[in-house]
Amino acid sequence: KANPNANVEVTGYADRGTGNPTINRNLSQRRAQAVFNMLTRTYGINKNRIKVDFKGDTVQPFAKDVDNRVTICIAE
């Protein structure tokens, strides 16, 4: 809200160490959607400013499995 011109990208992930590709894809989508819902419903961020993406277990941005959950990138 403090940066009304900023856009946000929310990306969901799941670690390769658990589940299978189908489960992990669905899990990463639900994680990203949960963050989107929180930003729009709880914090009142305009949904048109938020892009939602999910990678399942195909992308592992962090070395520790436990860290591969959701990233939020903000750009002005």
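These notes cover the fold, the helix and the surface of a predicted model.

1. Overall fold. The protein has one helix and three strands. Along the sequence, the order is β-α-β-β.

2. Dimensions. Along the principal axes, the C-alpha atoms fill a box of roughly 40 × 20 × 15 Å.

3. Look at contacts with a separation of 6 or more. Residues 24 or more positions apart account for 77% of them.

4. H1 covers residues 21-42, which makes 22 residues. From first C-alpha to last, H1 reaches 31 Å. That is close to the 32 Å expected at 1.5 Å a residue.

5. Helix ends. Asn-20 caps the N-terminal end of H1. A side-chain oxygen of Asn-20 lies 2.9 Å from the backbone nitrogen of Thr-22. After H1 comes Gly-44, with a positive phi near 70°.

6. Buried side of the account. Of the 76 residues in the protein, 32% count as buried. In H1, the buried residues are Asn-24, Ser-28, Ala-32, Val-35, Phe-36, Asn-37, Leu-39 and Thr-40. They pack against strand S1 (7-12), strand S2 (50-54) and strand S3 (70-75).

7. Surface. The accessible surface of the protein comes to about 5100 Å². Carbon and sulfur atoms hold 51% of that area.

8. Charges. The protein has 12 positive and 7 negative charges.

Notes:
Residues are numbered from 1 along each chain as its sequence is written. This is a predicted model: local features need pLDDT of at least 70, side-chain atom pairs count only at pLDDT 80 or more; totals for chains, interfaces and linings use all residues. Side-chain values use heavy atoms; hydrogens and water are left out. Helices (H or I, at least four residues) and strands (E, at least two) are DSSP runs, numbered from the N terminus. Buried means under 20% relative accessible area, exposed over 50%, partly exposed in between (1.4 Å probe, protein chains only). Contact means heavy atoms within 4.5 Å. Accessible areas come from the Shrake-Rupley method with a 1.4 Å probe; for residues, only the protein chains shown count as cover. Lys and Arg count as positive and Asp and Glu as negative; His and the chain ends are not counted. The place of a charge is taken as NZ of Lys, CZ of Arg, CG of Asp or CD of Glu. The expected span of a helix is 1.5 Å times one less than its number of residues. A polar contact is a pair of N or O atoms within 3.5 Å; within protein, one must be able to donate a hydrogen and the other to accept it, and residues adjacent in sequence count only if both atoms are side-chain atoms.
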